[in-house]
Amino acid sequence: MEHQFRINLQGIIDLLSNNLYGESRVFIRELLQNGVDAIQARSQLIDKGADGSALGDSLRDNDINFGHLKIELIPGNSGSLPVLSFVDDGIGLTEEEVHRFLATIGQSSKTSNLWKARENFLGQFGIGLLSCFMVSEEIVVITRSARSEDAPTLEWKGRSDGTYKIRVLNYSIEPGTQVYLNCKPGCESMFELDELITNLVYYGGLLPYKIEVISGKKRQIINPEGIPWHQEFPSETKKIEYLLEYGKKTFDVDFIDAIPLRSKIGKVDGVAFVLPYAPTVAQNPTHRVYLKQMLLSEKAENLVPNWAFFVKCIINVNDLRPTASRESFYEDEKLQKTREAIGDNLRNYLFHLHRTQPDRLRRVIQLHNLSIKAMALENDDCFHMFMDLLTFETSKGNMTFGEYRRSTDQIRYVTQLDAFRQIAPVAAAQQIQILNAGYVYEEALLEKYQALHPDDELQKIQPSDLSHDLEDLSIEEREKSHHLAQLADVVLQPYHCMTQIRKFQPDDLPVLLTIDGEAEFRRDLDRSKEVANELWSSIMDHLSPAASISTYAQLCFNYRNPLVKRLISIRDKELLRRCIEMLYVQSLLLGHHPLDAKEMKLLNRGLLGLIEWGLNQIPMKDS
Amino acid sequence: MSSFLDQINQIIDQVNKLPNGNTKIGLLEEGIRLADLHQREDIGYELREELIEVSTFWGAPEKALLAFSWILAEYDRNPDQYDLHHLLWQYKWVIASLDDFPHISLQQIDQAMEDMSRRYKESGLGLRPLYKIACEHAMTRKDREKVKYFQKLWRSEKIDHGNDCSACERDSQVSYYLFVNDLERALKAAEPILSGKMKCGEVPHVTLPELLLPLLRKKEINLAVDYYLWAAKILNRDPDFIAEYGKLMTFLALTSNFKEGIKIFEKMLPAVLEAKALSRRFTFQLGASLLFHYLQDSGKDSISLRLPQELKLSGSKGLDKNGTETDKAKKIPSQNVQIQSLIDWIDNDLLHLAKLFDERNGTNAFRAEIDEAKNLKDLCCVIPLKKEED
């Protein structure tokens with residue numbers, strides 16, 4: 001007897017492939033899922049019967065051993081395309097159930113309904129089956145229910161044009177379901193043995209039932225070992241070794257450590273592998289997540305805490321609800337608690353290293369400085385334990401915060417890389433230690449340190465603050481250099497630059513130019529104004545109230561420098577002016593500061609002046 | 001020494017890896033300086049586009065403005081080299097922020113809007129974003145006529161790809177209903193935002209805080225607490241949201257949650273003092289003022305606070321009254337502050353800001369807001385927050 005679907009099957013298939021399934025190989029996941037569900041349903045049937053009912057007894061007597069999936073590939077030859085069969089020894093279907101699962105699909109004309117339909121066994125079965133139409137024009141299902149001994153063997157033949165036939169076969173098979181797929185032209189690769197095995201391992205490598213692939217004389221179990229982290233090991237070291245090997249096999253990465261994960265909430269367990277390289281903030285590692293041992297996603301998003309980007313995890317989840325995209329879980333309290341538990345696992349690992357293998361911990365922290373910084377910011381315990389071990393850039397090179405703290409009376413830091421670059425060399429020469437907090441999380445970490453240690457003095461400084469720490473001149477020196485100081489101020493005033501004279505190392509540095517944030521902003525503003533049209537130029541004029549002292553750059557002359565000493569001895573004001581201007585322009589260029597039009601003019605005038613002056617030294621010869 | 005292009009690539013590489021923040025802004029500025037130094041306008045243009053985006057959404061619209069005026073001029077010189085639509089897309093952010101700087105005159109704002117409108121029309125884009133901005137500016141100035149006028153224009157203008165995102169547009173509608181005191185319609189309009197269906201980098205961040213006071217007025221206490229907790233969780237210390245933090249402080253002051261309010265004040269004050277977009281500072285200080293007034297009313301005279309170095313209060317214990325340049329080197333980590341001197345500073349700041357804006361706008365809307373805040377006392381109550389959020 002021929003029946004007609006009441007729905008547009010092609011529409012449903014399109015819906016499936018466009019919305020639920022990203023790629024056609026998921027039909028393998030769906031078939032595996034159907035097989036697993038059927039086996040579990042059969043076990044439940046027996047458990048239910050365990051109260052002593054006749055049904056349970058008879059089932060137990062007859063079905064001693066089940067829980068096996070067999071996948072056979074019959075390769076095509078010149079005239080035919082390959083055929084794939086999926087055989088399970090699960091619960092099988094009765095005729096009434098076959099009609100019912102089709103009806104369930106029939107009601108599912110919206111993605112959300114499809115998802116609802118998945119929540120029960122039959123709906124899941126039907127939707128799983130539909131995914132096979134992505135690779136096969138015709139699906140044949142042969143099934144016999146395990147619910148009663150005299151259940152008939154049924155054959156269901158469905159075509160992608162929306163027709164299907166059911167008939168009772170005149171022979172009997174073992175309870176279970178067999179699905180046959182004929183390769184659709186264009187899908188040949190899915191029906192090649194190597195790719196089939198790869199896909200089966202990919203989705204079902206952790207499944208609890210034996211999965212066997214057969215092709216001709218070849219037979220292979222694709223999940224011989226079960227869940228790697230559930231196995232028994234003689235020692236913890238052996239276990240870690242084994243897990244690391246598993247990690248290498250799975251991701252082709254030589255991880256440096258493996259951390260077992262476990263959370264009662266969400267019924268979650270797995271392994272976190274410590275990456276041998278530091279990933280960047282934006283490229284967080286993705287995690288492989290299994291739902292009840294079936295692969296759910298390769299890039300699950302919200303199961304592992306944000307800060308934990310030093311690990312890549314493989315996790316099996318039993319009791320969390322995935323979202324429709326299957327790339328994350330519903331953000332509910334259960335998920336939050338699970339995430340916290342995974343976070344605890346990772347923290348405890350580091351705490352454990354701290355107690356038992358401090359050298360190893362130091363290496364992990366060095367490698368994953370950024371991730372541990374994020375972690376310390378998030379959690380007070382981590383902060384207390386790791387802050388001193390975190391590496392920062394300082395004016396005396398890289399060192400841990402602990403080393404830095406112990407080597408200085410006062411913690412001084414700048415929050416901009418640019419500012420650090422301006423002052424670090426000079427600070428280093430004065431033995432002044434300045435911490436660079438210009439990278440991610442660092443300023444926040446120092447603020448947190450301050451909040452937790454209110455008695456320690458932390459000082460956030462601007463580049464110009466450094467000059468306060470430079471050695472002052474004596475009264476005699478000041479008198480001697482007074483005219484330079486005075487002239488320099490006058491000469492550089494139009495360029496919004498103040499000057500002073502101090503003594504500092506290194507001797508060969510004649511001047512130190514520092515430009516604080518506000519002054520830098522004013523310079524940027526002037527530069528924009530030079531190119532902007534009239535309207536925007538006038539708007540910029542009104543952006544901030546009149547220039548205050550803080551918008552001035554600072555040029556500090558080094559009294560120890562021989563050149564500066566010679567400048568002090570010059571009495572020719574015009575020559576001195578030109579020298580001051582050139583030192584200013586040169587220090588701007590050294591500090592990567594683009595020159596504005598006025599400064600550019602200064603540079604040109606200065607250079608030409610020098611050339612002229614040089615030429616004037618050579619007596620003119622008659623031509 | 002690596003070559004210029006190596007340095008630029010290194011900077012771009014780091015920029016791509018960083019979340020928005022001062023670090024990213026600093027790197028972009030450094031890259032721009034390098035590009036300018038080497039007269040590579042093309043690179044300078046690209047980096048400035050990025051800087052406009054980051055600084056707009058990290059509370060530094062003045063930096064966006066500088067960069068924008070540069071790229072606008074560069075675009076006009078070489079229109080074939082650059083992407084006009086991207087330029088116009090960013091134009092609306094810059095225009096929207098002009099109102100926040102009290103020294104920029106109304107005439108200048110109008111001229112800039114005319115320029116934007118001309119460029120939008122020339123490239124076939126509708127003026128919807130412009131009307132939205134005009135409407136928002138009118139709301140700040142409490143100009144009911146203009147609000148209604150632009151609201152009408154905005155709603156009837158076509159939607160195209162020059163538009164703000166739908167979440168931002170929706171938020172602006174919520175603001176409009178709140179402006180006309182129609183909380184019911186505001187909540188209805190906000191429904192897709194509050195259920196999480198509509199969101200973006202700024203929404204619901206800006207929506208939640210503006211609902212708090214109206215909800216308190218209608219005695220919708222539980223809802224207000226929920227929205228407060230949600231907002232506190234997502235604002236994430238972003239200096240772009242100092243006005244929103246001000247609204248949270250108002251809520252906390254009215255519900256006697258002083259501890260949480262002080263935490264916000266302490267945490268955000270450094271960013272507030274640095275902010276050049278002064279209208280946001282005004283909203284922050286308005287919340288701070290209520291907070292410390294009510295705290296004083298509750299019987300407190302002084303509190304322990306960590307204040308930024310540059311802030312000098314008078315008459316407070318533990319502060320150097322003759323603060324000179326050199327005591328910059330001495331940071332007082334936590335100090336005992338007389339609440340009265342804090343209030344004096346905040347209220348003076350508020351009056352000063354209100355004067356700047358009201359004089360520029362030719363209205364008294366800001367001053368009126370300060371005066372109205374004094375009437376909020378009737379709403380004072382004690383509502384414990386369910387959970388403590390940091």
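This is a predicted model: local features need pLDDT of at least 70, side-chain atom pairs count only at pLDDT 80 or more; totals for chains, interfaces and linings use all residues.
Figure 1. Who lines the largest cavity? From chain A come Phe521(A), Asp524(A), Arg527(A) and Ser528(A), while chain B brings Glu29(B), Ile32(B), Arg33(B), Arg48(B), Leu51(B), Lys63(B), Leu66(B) and Ala67(B). Helix 18 of chain A gives two or more residues to this lining, and so do helix 2 (22-37), helix 3 (41-56) and helix 4 (61-77) of chain B. The largest share, 4 residues, is the work of helix 18 of chain A. Sort the lining residues by type and you get 6 charged, 5 nonpolar and 1 polar.

**Figure 2. Chain A and chain B meet here, with 44 residues of chain A in contact with 51 residues of chain B.** The size of an interface is often given as the accessible area lost when the parts come together. For chain A and chain B, the buried area is about 4100 Å², and carbon and sulfur atoms give 59% of that. Which three residues of chain A supply more of its buried area than any other three? Look for Trp536(A), Leu543(A) and His592(A), which together supply 16% of the area that chain A buries against chain B.

**Figure 3. A salt bridge crosses from chain B to chain A, pairing Glu30(B) with Arg421(A).** Side chains of opposite charge can pair when their charged atoms come close. In this view, the N to O distance between Glu30(B) and Arg421(A) is 2.5 Å. Between chain A and chain B, the count comes to 6 salt bridges. There are also 9 residue pairs in polar contact between the two chains, counting pairs with both residues at pLDDT 80 or more. On the side of chain A that touches chain B, the elements giving two or more residues are helix 14 (417-429), helix 15 (442-452), strand 19 (458-460), helix 18 (517-531) and helix 19 (534-541). Helix 18 of chain A turns up again with the largest share of that side, 8 residues. By type, this side of chain A splits into 20 nonpolar, 13 polar and 11 charged residues.

**Figure 4. Inside chain A, Asp380(A) and Lys448(A) join their side chains in a salt bridge.** The N to O distance for this pair is 2.8 Å. How many residues apart are the partners? They sit 68 residues apart, so to speak linking distant parts of the chain: Asp380(A) belongs to helix 12 (residues 380-386) of chain A, and Lys448(A) to helix 15 of chain A. Over all chains, a search of the whole structure turns up 57 salt bridges.

Figure 5. Most residues other than glycine have a negative phi, and most peptide bonds are trans. Find Pro506(A) in the loop between strand 20 (497-502) and strand 21 (511-514) of chain A. Pro204(B) lies in the loop between helix 10 (183-194) and helix 11 (207-217) of chain B.

**Figure 6. Lys142(B) has a positive phi, although this residue isn't a glycine.** The value is near 55 degrees. Where does Lys142(B) lie? Lys142(B) is in the loop between helix 7 (128-140) and helix 8 (144-156) of chain B.

How values were computed: Residues are numbered from 1 along each chain as its sequence is written. Chains are lettered from A and ligands numbered from 1 in the order in which they are written. Side-chain values use heavy atoms; hydrogens and water are left out. Contact means heavy atoms within 4.5 Å. Buried area is the accessible area (1.4 Å probe) that two parts lose on being put together, summed over both. A salt bridge is a side-chain nitrogen of Lys or Arg within 4 Å of a carboxyl oxygen of Asp or Glu. A polar contact is a pair of N or O atoms within 3.5 Å; within protein, one must be able to donate a hydrogen and the other to accept it, and residues adjacent in sequence count only if both atoms are side-chain atoms. Ala, Val, Leu, Ile, Met, Phe, Trp, Tyr, Cys and Pro count as nonpolar, Asp, Glu, Lys and Arg as charged, and the others, Gly among them, as polar. On a 1 Å grid over the protein atoms alone, a cavity is a set of points where a 1.4 Å probe fits but cannot get out, and a pocket is an open set with protein on both sides within 12 Å along at least five of seven lines; lining residues have an atom within 4 Å of a point.
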